[in-house]
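Here is a short report on one protein model. Please read it with the sequence and the structure side by side.

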Amino acid sequence: MARQAERLPSIDSFHPSNQHQHQQRSRLLQHESQRPQLPPPPTVHHSRPPPQGNTNQDIQQQFSSTTISTDGTRQPSYWKGFQDRRASVSFPYDIESQRPTNNPVGLGEIKTFEWDEESIDQYYTLIHPTFPLLPHSKARLRQRLAAASITVREALLEALYAAVRSNPSCPPSSIPANPRRACELCVASQFEAQDPRSSTATSLLYLQTTILMALEADNHSPATTRSGTSGMPKAAWVGSAVGLAYAMKLHCNRTVDRYTHSDPDSDEKLGRRAWWVLVVLDRWHAISTSSPLFIPDSNVVLLPEDQTLIGLTPWHLVRLSCILGHLSEAFTTADEIVSAASLNPYISRLLRGELERFRESVEVVWGSLSLLHVAYYHVKLLVLRHNSASEPRQLLEPALRMATMLDHSSMPITPLNHHFAALALITLVDLGEVEETRLEARRGVGMIDEAIRKRRGLATREDSKGWDRVIKEVIGRRIEGHTGYATTTQQTEGLRHLAELAIGETREQGRKERRIDSGMLMRLGYLGTLGEGGR
């Protein structure tokens with residue numbers, strides 16, 4: 001108890017009578033404070049162990065000491081060792097600063113990162129004239145990618161490479177398309193903390209990545225889709241892109257003065273172009289697979305200023321795609337309504353009238369716009385097939401026109417060419433079973449076969465697993481099963497024609513003319529019908 005009394009003074013000791021003891025304690029504390037301060041211990045390095053005998057207070061001082069980083073933030077001294085180790089690692093996409101800024105990055109400030117020049121050139125040749133999704137020049141594209149984070153940049157480049165390399169018209173590359181990596185990077189980029197100042201530019205890059213993945217998925221045939229080796233279907237990518245576009249309010253961009261900026265690749269103009277690309281993709285996907293639209297007509301308001309913004313051919317393609325959307329809605333309504341609509345001449349008359357007004361507006365530029373020319377006959381053929389009263393001869397004319405244009409050397413390769421070939425082929429195959437149109441229809445199938453073999457409007461590769469392979473297989477089965485199908489020369493066509501006349505084809509004589517059944521076309525779409533073997 002005596003030792004406790006010495007260590008813990010009683011309350012009575014604080015009485016004024018004990019003032020002398022308080023003065024002694026005050027002098028002791030003053031003496032302690034006047035002791036010279038020891039210098040801080042040296043920084044501990046990983047190459048040698050800390051000196052023995054350090055007290056807890058010494059260790060606290062070591063970890064509480066801070067250093068100033070290059071960006072002005074305070075970092076603990078032990079962070080330097082990690083920074084030194086990080087500096088020894090090579091990051092292929094690193095640029096001078098990963099922090100986004102309000103000012104655009106100048107071309108001279110961009111540090112080189114991995115860039116497949118050949119694939120980028122193929123994008124601007126195969127995709128951009130039809131779907132002007134990215135900046136109009138490679139320099140502006142490189143500038144935007146340099147200002148983005150590593151994950152976002154890699155995601156867009158991988159999606160671009162996948163969309164280009166999966167196209168059968170693209171020359172074989174030593175590095176195959178990797179849509180799985182593009183999909184993984186696309187998802188990972190959404191979990192990065194983005195600077196609010198660059199959120200619009202980053203969202204645009206992500207939207208462009210998603211649309212490129214939709215184009216890549218559209219190149220796959222049903223066989224690869226069913227096997228699960230091609231990733232998500234096109235509908236999933238289109239739906240995701242439309243949802244993001246709605247979140248970015250791109251469907252509300254109807255103010256003309258927002259697009260008067262002189263920069264053709266500003267955020268507002270890139271967003272507007274991406275929106276119209278989505279409108280076109282949505283309608284062609286819906287009609288080709290007999291699926292509902294993601295974007296209703298109420299959100300599709302095409303302005304005259306959009307012609308300058310997206311270009312003449314894409315602008316007319318949007319107009320034609322709107323007619324395609326009206327037709328798609330008639331295809332995908334309830335079964336009983338479809339039956340009534342297909343027999344209703346007024347609906348077909350309205351669709352044909354709308355299509356003819358489009359033709360009158362673009363007929364003056366027919367010769368220079370081959371894409372619009374074949375697209376017009378594509379929609380016209382669909383309108384005719386929607387009407388069950390259409391005669392086989394009425395269907396033959398647009399189908400033959402499409403086959404002829406696909407076999408012409410002036411026909412450009414576009415992301416929509418397999419749509420044209422698929423609809424023309426299944427229609428010509430059906431017409432080949434009708435006596436009245438058999439010879440002309442088989443000649444048209446021969447032209448499509450010729451276009452594929454000579455890589456004109458349709459291209460193919462030996463390793464291709466896309467729609468070009470499906471088209472070749474359908475044509476091969478038809479030619480093998482029916483010797484009357486046309487070949488590459490008119491001389492052979494004439495010989496086969498004479499042979500058919502000599503034989504007489506007695507099994508076809510007396511057969512009544514029948515109309516073409518479009519039931520499967522309405523249920524599955526023309527790509528779905530082609531995937532089932534053409535019937």
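Residues 24 or more positions apart account for 71% of the contacts in the protein chain with a separation of 6 or more. Contact here means heavy atoms within 4.5 Å. The protein chain holds 23 helices and two strands. Helices (H or I, at least four residues) and strands (E, at least two) are DSSP runs, numbered from the N terminus. Of the 535 residues in the protein chain, 46% are buried. Buried means under 20% relative accessible area, exposed over 50%, and partly exposed in between, with a 1.4 Å probe and protein chains only.

This is a predicted model, in which local features need pLDDT of at least 70, side-chain atom pairs count only at pLDDT 80 or more, and totals for chains, interfaces and linings use all residues. Residues are numbered from 1 along each chain as its sequence is written, and side-chain values use heavy atoms, with hydrogens and water left out.

Helix 17 (residues 370-386) has 17 residues, which should span 24 Å at 1.5 Å a residue; its end C-alpha atoms are 25 Å apart, in agreement. The expected span of a helix is 1.5 Å times one less than its number of residues. In helix 17, 17 of the 17 residues are buried, so the rest of the structure largely encloses this helix.

Helix 9 (residues 199-218) has 20 residues and reaches 29 Å from its first C-alpha to its last, close to the expected 28 Å. Helix 9 is mostly covered, with 16 of its 20 residues buried. Glu-216 is found in helix 9. Is Glu-216 buried or exposed? Glu-216 counts as buried, because its relative accessibility is 2%. Leaving out residues up to four places away in sequence, Glu-216 touches Ala-162, Ala-163, Ser-166 and Pro-179.

**A helix pair**

Two packed helices are described by the angle between their axes and the distance between the axes. Helix 11 (residues 234-247) and helix 12 (residues 267-289) pack at an angle of about 145 degrees, with their axes 10 Å apart. Axes are lines fitted to C-alpha atoms, for helices over the stretch in contact, and angles run from 0 to 180 degrees between N-to-C directions. The crossing of helix 11 with helix 12 is left-handed. That term applies if the near helix is turned anticlockwise from the far one by less than a right angle; clockwise is right-handed.

Which residues make the contact? Helix 11 supplies Lys-234, Ala-235, Val-238, Ala-241, Val-242, Ala-245 and Tyr-246. Helix 12 supplies Trp-275, Leu-278, Leu-281, Asp-282 and His-285. These contact residues divide into nine nonpolar, one polar and two charged. Ala, Val, Leu, Ile, Met, Phe, Trp, Tyr, Cys and Pro count as nonpolar, Asp, Glu, Lys and Arg as charged, and the others, Gly among them, as polar.

**Loop residues**

Lys-249 lies in the loop between helix 11 and helix 12. Its phi is near 60 degrees, a positive value in a residue other than glycine. Ser-290, in the loop between helix 12 and helix 13 (305-310), also has a positive phi, about 55 degrees, although it is not a glycine.

Leu-302 is found in the loop between helix 12 and helix 13. Leu-302 and Val-318 are 16 residues apart in sequence and 8.2 Å apart in space, C-alpha to C-alpha. Setting aside neighbours within four places in sequence, Leu-302 is in contact with Trp-276, Trp-315, Val-318 and Arg-319.

Phe-131 sits in the loop between helix 5 (117-126) and helix 6 (138-146). Phe-131 and Thr-313 are 182 residues apart in sequence, yet 9.6 Å apart in space, C-alpha to C-alpha. Not counting residues up to four places away in sequence, Phe-131 touches Tyr-123, Leu-215, Val-277, Val-280, Leu-281, Leu-317, Pro-415 and Leu-416.

| Residue | Relative accessibility | Class |
|---|---|---|
| Lys-249 | 49% | partly exposed |
| Ser-290 | 17% | buried |
| Leu-302 | 25% | partly exposed |
| Phe-131 | 2% | buried |

**Cysteines**

A disulfide is a covalent bond between the sulfur atoms of two cysteines. The cut-off used is a pair of cysteine sulfur atoms within 2.5 Å. How many disulfides does a search of the whole structure find? The search finds zero. Cys-183 is in no disulfide, and the nearest cysteine sulfur, that of Cys-186, is 6.7 Å away. Cys-183 counts as partly exposed at 24% relative accessibility, whereas Cys-322 counts as buried at 15% relative accessibility.
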